[in-house]
Structure formats: C-alpha cells, structure tokens
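Hi everyone, thanks for coming. I'd like to walk you through a model I've been looking at, so please have a look at it with me.

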Amino acid sequence: MKTVEVRTIEKMYKLGKIGVPVLRGVSLSIEQGEFVSIMGPSGSGKSTLMYIIGCLDRPTRGEIYIKEKKVSDLSDRALAHLRGREIGFVFQTFNLIPRSSAQKNVELPMTYQNISRRARKRKAEALLEKVGLGDRLRHRPNELSGGECQRVAIARALVNDPIILLADEPTGNLDSKAGEEIMELFEELNEDGKTIVVVTHDQDIARRTQKIIRLKDGKITGGDIIGN
Amino acid sequence: MDPIEPFITAFESIRSSKARSFLTTLGILIAVAAVIANVSIGTGFQVYWEEAVTGMGSNLIMIIPQEAGALNDRELDAVRATPGVVEASPLQNDNARVRFMSETKRLMVSGVTKEYQQVGNLELEEGDFLSDQDTFAAVLGYDVAHDKFSRNISVRSPIEITVKRSNGEECTETFIVKGIIKHSRALPLGMQYSFHPDELIFIPESTLSEMLDEKGYAIFASAESMDKVEGVTEEIEDRLDRLLGVMKISRMEPPYTIMKQKEILEMIQKSTGFLSSMLLAIALVSLVVGSIGIMNIMLVTVTERTREIGLMKAVGATKFDVLITFLVESGMLGLVGGAFGVALGVGFCKIIPIINLPLPPPVTPIEWVFIGLGVALAVGIVSGIYPAYKAARMRPLEALRYE
C-alpha cells in the first residue's frame, strides 16, 4: 500500500511582493515499510517537501494522498487531527518542552487524542523504555544529553502509532556517536515495520536508507535504490 | 483534548517563572485587595450601624451648645418639660487626670445626672448609677474599671480626679466608686460629646461644673420612640428658640444645634465615603493596569513559546486546543493575582483595628471573596483572548522555524 503519495506539488513562498518557487512539480510515493531519505543542498526544498508530506504546510498546487486518501483539501482542523494520529515528526532541534519531564513530553501528542491518563502514562513509559531511556522518565530536557533528547523526541513521534515517521536532519545537532545511535534506532524501528523518511544533506546518513530521493532547485533530480 | 492538561501546562509555565508571574498579577492583586478592603469597611460600618442603633437607641436627641454656656438649667428644664421627652440629662465632658492607687491615667470624665442612665442606655454590672443626692460619687465605664489600670477598680474604691480650669488652675477631688457599667454595645461616634461609655467616668454634673467653675453643658434627651424623634425635635427647637429669644424670621443662628443619633451615623458614613471612593478608584485603575499587564506578559509568553506552539500543532493540536491552552494560563494568572489580592485585602482589614484607624472593625462578606476571585479570573481570561488568538492562528511550520 502507498503510505504517502504526492502529485505534482508546487510551493511558492512570498518574499515581500516576489513569489519564490521552492518546489516545482514534485511527484513521489512512499510505500509502507520503506526507509527513505530525501537529499539535497540547502535551499533545495527538501524540508519543505517533508513538511508538506506531513501536512504541516500546504502546497500552492498539487495533491497529497495519505493511505490513498486525498488530504490536500482538508480543513485546518482535520489536518491537525490527521497529524496527531498518522504522522510522527522528529526535528533537528528536538523541540522538547523545556519545563516538562521526558515522560510528559512523550505524552503530549496523546493529550490531543482521547486517551486516558493511565494509558498515556503506560504508553510513554513503554516507549521511553524502548528507546533506552527507561531510567530517565522524570528528567527534564536540560538534564539530558543531545542524543537522549532526540530519543525522547522519537518516542514522542511514535506515541500515537503513526503510519509514517518524518525526520528533518535528526542527527544535525548531534555528535557522530550520538548520531550513529539515532540512525541505529531508526533502522531498528524500520525493521519493526515503521515507514521512515529522513531529510538530510549528509551522504553517510542517506546511504543507510533503502532509497534516496535527490532534490535540487525544487525538482527531483534522481532517485537511487540502495540494495542491502 | 484532555480537559485537565491545559491546567497542568499553565501551572508548570507559571511555576517556571514565579517572579515574572507575580509582578504581572500585581495590578489584579491590588485591585482585588482594594475591593475586598472597601466592601469589608462598608460592611463593617453596616454592622456597626445596626449595633449602634440597637445599642444606644436611635431615639436619642443631642442638643449641643454652639456658644459656651448657651445651654443651662433653664434650658434643661424646658427640654424635660417638652411632651414626648422621656428623660433628659446634661452632659459635660472634660479631660481629667485620674489617680487610682499610685497610678495616674488621662481619661474622659462626663458630668451627668441620674437621667443619663436611661438616655445613654446604660446597664450596671455592679453597684448603682448616680442619684441626685450624690456629690463625690463616680460610676466607671467597663474599660476604666477593668483595663485602664493595672489593678481592677471595684465599687467603694476611692479615686482621685484632677481637672484643669480654663484659667489654668487645677482642682482635685476624691470620689468613691458607686457603680460599674456593663460592657456596652453602644459605640464611640468619634464626636466631642459621645465617647464610648466603656471608657468614661460619670460623675454628677453639678460637681464637675463646680470643679471647673464653668456653667453650661450639652443636653441629651430620649424621645418616646424612634418615629416620634422628628416631632419631639421640632417641639424642643420651638421651646428653646422662644426661651433664648431666637427669631426664625431674622435668620439668626440659634446658639445650639440639635443632632439625632440617625444623623450622626449618616455623617460618619459619609466620611467613610471618601475612603470608599478612593479605594474604588484604585481598584478600577489597578484592574485596567492589571489587565494590560496580563495581556502584555501573555504576548511575551506566546512569542517566547512560538516554537512550542508550532510543535503542539505538529503533534495534533487544533487551533482551539492552542487557544484554550493559553486562555487557561492567562485565567490562572488572573486567579493567582485574585487569590493574593483577597489575602492582602483581608490582611489590611485585620490591621485596621490594630493601628487604631477611626473606623469600625471591617467585616469581609464571604461572597465578596468569590466575587473578587471571579472578577480576577474574568479579567485574566479576557486579557488573554488576544494573545491566545494570536497563538492559535500561527501557521505551524512558521512557528516551528521561528528563531
């Protein structure tokens, strides 16, 4: 099944009165269980493409299908619900709530769904355990290392069992050892069947995925399938 | 969304910046404190009023001389003879030095006749009130007998009273305590002629005027009932004017004024009106300032947490969820200010009797505590509407990328 499909996406950003094209007709599809990287130099539109796939931004033109259902004309409210249930985001800068514990951070997406307090707690604990932070539940982000923060963020992204995990330069703020651990975690998750898209400009990161989509000046310039 | 979650978020946010939150809510705090203090003072007065009316009797008529010696025995007889007057007593107050054992205190001495017991609504704890035959007998107010001196004064004890004449000479006499008045519910009206009976020493008027070498006094009379006060007052006026040769048509000012208990109470209530309107003005200004303060700090908070708002939206929060999150926070800020304000207002009221402000002890009605909190909450929420709306309509991606 196609988890995500985008058809001839165009995106213009307005800078003052001038419209700057960021994406110029991008089409792609991602199958269930794939581990894909989107590569390109900065300004190529790779992050924009990822956020459009994640329904966090709307394309100027083009259509998006999630689980083969068209979502590009849904209301803001419906998109918020969709993001909450089907998409998991991982960011370069983690974006954890500094005042809340690791466990509370992981619980956050569940608070916007109808999930009981006890179920949320259980789920958050189980996921933190899974990413190797079972002993850090009560720690706040400033008491955790960068790698640990990113693992909290991954646990948060997984908490509503999304059909796709979208990561924007997930190792960009980490040292190579922590970055390596994060990539191993992604590989593990993918082996469990999770569909993952990683946006990166790092060749070494991209090479560890199964498929690389190369983007330049808002267009797909090529795709490599990497045989394992 | 889980309805409890915004409260936890708000609590964590406020807790993480205590000093800022406190300063923000200062306006609300002062406003609520001022309202609580104001209402408490007003209610205190109400209670005081009711007690004064029942304690001293609202059928009291006070005739106060405007010139020294204007009212004398002739006028007193005329008042006593006026139909509708039950009793009338002269009343002359003077500052005196009072010695008991080896202690000396400054106290107020009242020269009265036996009728004052009925007029002043006094009940005796011990002994008897003054009679016409007494000369050097004294009846003590409750506090004079029990609190003013280190040792209780009992009936038949001798006390020494020293008064100063207008020519500077002093006159000392020894009095025997004849009676002690029960703790009185009548209240100090803060006027020259009405001190709290608990703090007075009553001696015969004739003795006091001899000691002072001065004639003339105020006349306190009681009417048969409250609804007769008006008519009796007019009748007394007519009789005194005739006696003193006051011509109404010549618009001559009579050398006395007549005050009714009711009027005095109204006068005092008016004097508290100034304090009341000042407190209300403070409350209103503070409320506006407080509201702007909360709005300002919420705008700062929303800007500071722009990326957090982006994240909330990325993980499934709708506009409404974001709106509620920030409205709860601003409402909670208001409520915290309100709670501290109530505490400050009640505290202020507790201090009033301690620092001897000339006000009856304030009484805080419980419903005003809730009104205070409710207004604080409402101001918090209203002030938060614009910042929360601003947060809610942020575009998620722009918010996430905000630097």
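Let me start with a question: how many of the eight residues of helix H1 (residues 46-53) of chain A are buried? Eight of its eight residues are buried, so to speak a helix that is mostly covered. By buried I mean that 20 or more other C-beta atoms lie within 10 Å of the residue's own; exposed means 12 or fewer, partly exposed is in between, and the C-beta atoms are placed from the backbone. Helices (H or I, at least four residues) and strands (E, at least two) are DSSP runs, numbered from the N terminus.

Before going on, the ground rules. This is a predicted model, where local features need pLDDT of at least 70, side-chain atom pairs count only at pLDDT 80 or more, and totals for chains, interfaces and linings use all residues. Residues are numbered from 1 along each chain as its sequence is written, while chains are lettered from A and ligands numbered from 1 in the order in which they are written.

Back to H1(A). Its buried residues include Lys46(A), Met50(A) and Ile53(A). After H1(A) comes Cys55(A), which has a positive phi, near 60 degrees. As a reminder, most residues other than glycine have a negative phi.

Now chain A as a whole. Chain A has seven helices and ten strands. Its radius of gyration is 17 Å, close to the 17 Å from the globule rule for 228 residues, so chain A is as compact as a globular protein of that length. That radius is taken over C-alpha atoms, and the rule is 2.2 Å times the number of residues to the power 0.38. The C-alpha trace of chain A spans about 45 × 40 × 40 Å along its principal axes, and 47% of its 228 residues count as buried.

Chain B is another story. Chain B holds 13 helices and ten strands. Its radius of gyration is 32 Å, well over the 22 Å that the globule rule gives for 403 residues, so chain B is more spread out than a compact globule. Along the principal axes, the C-alpha trace of chain B covers about 100 × 60 × 35 Å. Buried residues account for 44% of the 403 in chain B.

Chain B splits into domain 1 (5-51 + 266-400) and domain 2 (67-254), with bounds that come from an automatic or database domain assignment. The C-alpha centres of these two domains of chain B are 52 Å apart.

How do the chains meet? The contact takes 20 residues from chain A and 20 residues from chain B, where two residues are in contact if their C-beta atoms, placed from the backbone, lie within 7 Å. On the chain A side, helix H2 (76-86) and helix H3 (102-111) are the elements that give two or more residues. H2(A) supplies the largest share, seven residues.

Let's look at one residue on the other chain. Leu311(B) sits in helix H10 (residues 306-314) of chain B, and it counts as buried, with 25 C-beta neighbours inside 10 Å. Not counting residues up to four places away in sequence, Leu311(B) touches Asn95(A) and Leu400(B).

On to the cores. A nonpolar core here is a set of buried Ala, Val, Leu, Ile, Met, Phe, Trp, Tyr and Cys residues joined through C-beta atoms within 7 Å. The largest one has 113 residues, and among the members that touch the most others are Ile38(A), Leu166(A) and Val32(B). Helix H3 (residues 26-56) of chain B gives the largest share of this core, 14 residues. Apart from it lies another core, of 52 residues, among them Met62(B) and Ile201(B). Leu166(A), leaving aside neighbours within four places in sequence, is in contact with residues including Met50(A) and Ile53(A), and both of those are buried residues of H1(A).

Last stop, helix H4 (residues 73-81) of chain B. Which of its residues are buried? They are Glu75(B), Leu76(B) and Val79(B). These cover an arc of only 100 degrees around the axis, which puts them on the same side of H4(B); the arc is that of the directions from the helix axis to the C-beta atoms. The face turned away carries the exposed residues Arg74(B), Asp77(B) and Ala81(B). Among the elements covering the buried residues of H4(B) are strand E1 (60-65) and helix H8 (229-244) of chain B.
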